[in-house]
Amino acid sequence: MAGTKYRGSEIKDVDQFLDDSAGLASEREQEIGQHIGYRYDVNLVPDYGRLTPFLARYMEVMGWDDLNWLEDIHMGYEDGQAAVFDRNINGWVRVPKSIELPDNQQDRDMIARELLIKFQMSDRHPLATLRMAYTKF
Amino acid sequence: MAGVTGMDLRDMNQDERARALGMVSEQLTGRSMFVEFDESAEERFTYPWAPDVDYNRRTEFDTGEMSATEVNLKIRGLMAEGYGTIVVRNPRGRHSLGVGILSRLNLVFEGSLGYFGVGLIDGPNVRINGRVGWSCGENMMAGTVVVEKNAGSTFGAAIRGGDLVCKGSVGSRTGIDMKGGTIIVGGDTGALSGFMMQRGRMVICGDAGKNLGDSMYDGTIFVGGRIRSLGVDAVEAELTELDKAWLARKLTVNGLLPETGVGHFTKIVAGRQLWNYDNLEPTEKKLIL
């Protein structure tokens, strides 16, 4: 099939990108020296049986029946460390090593959502500083 | 940043404010900025600058002869007063109504909207008791939008997050360039839906037009009816039990769950043949396309 060889590495294990930070598994990735695609399954839908109490309260406050935009938030991996992509700063925010990671992606995603909410709503988020400096209204 | 008061900032020009707050200008070198979560961060659910609105405080107004800008400023003003539920009567198909709302709010439009309705929103729950024109929910970040009737083309263009629902049918290029979020269509969708989709989920309860998911990079499209044709690099995938549970939940919440359930839905994903396209040699591009 045309183009098949250009695929990135397949995700086989939840710790794959913690154990191998470069993650250049496929032949094409090794050839070009860079990782292709996401380091987690972006299409993984949440398992609501694993919802945390914090996220349940967030849904209630916002008046939502589900996780809404957080359904797109997953725990990813950068330089061999767990991290979450924050669209508001267009960058990765790392998960402190002191936080113990569960052994499955669904529970890790719930932790990622919780950490991201707390960070985005805090005064230490870069958007808060940017707003102080540049807000027009 | 420490020691700078709001009063100090007010007396400064923009450059001085940026410097006082610790911001610097530098040439970008491609390296990542190191930011780490604070484990002990307090539990907050809204942005620090969001107005403190109460869903139980309700108000309504008629748009009368107001311009779109005046309507949007009126909504903003009511939120600043603490109203959490706002009903807008007679929107009269004006364009760009309800845009740029960046906090929680219940917003109801009693009538139809024109182009680019409720775009760029981040949090509110919007119900539109009418139809919408092109590009409803464009660049939406979070929240829910429910359109009770039909929608025009490019419904949910470049959506980043949240749930965008049309209970009727929508035009072509639904979810073009979508980068997240969920688009749900109770009826049919036109040609080139999911064009250049990068992630997120689209659920079409009825039929899908030609070239569904053309050039999609990632994301998932679920179709309950007939698919006229698939676009370049869109392929069928297995509908998992987790997918079924998620679909049933989403459709139930929006009152769109078919009597037959969700087992008949077709799942479409990217074939990933176009990944890393820029690294291909010109001759290889010809082979693929």
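## Basis

This is a predicted model, in which local features need pLDDT of at least 70, side-chain atom pairs count only at pLDDT 80 or more, and totals for chains, interfaces and linings use all residues. Residues are numbered from 1 along each chain as its sequence is written, and chains are lettered from A and ligands numbered from 1 in the order in which they are written.

## Contact between the chains

Chain B brings 55 residues to the contact and chain A brings 48; two residues are in contact if their C-beta atoms, placed from the backbone, lie within 7 Å. On the side of chain B that touches chain A, α4 (241–253) gives the most, with 5 residues. Helices are DSSP runs of H or I with at least four residues, strands are runs of E with at least two, and both are numbered from the N terminus.

## Helix α4(B)

The buried residues of α4(B) are Asp243(B), Trp246(B), Leu247(B), Lys250(B) and Leu251(B). A residue is buried if 20 or more other C-beta atoms lie within 10 Å of its own, exposed if 12 or fewer, and partly exposed in between, with C-beta atoms placed from the backbone. These buried residues pack against β7, β8, β9 (220–223) and β11 (266–270) of chain B. On the other side of α4(B), Glu241(B) and Thr252(B) are exposed. Just after the helix, Gly255(B) has a positive phi of about 65°.

## Ala25(A)

Ala25(A) sits in the loop between α1 (16–19) and α2 (27–32) of chain A. Ala25(A) is partly exposed, because 17 other C-beta atoms lie within 10 Å.
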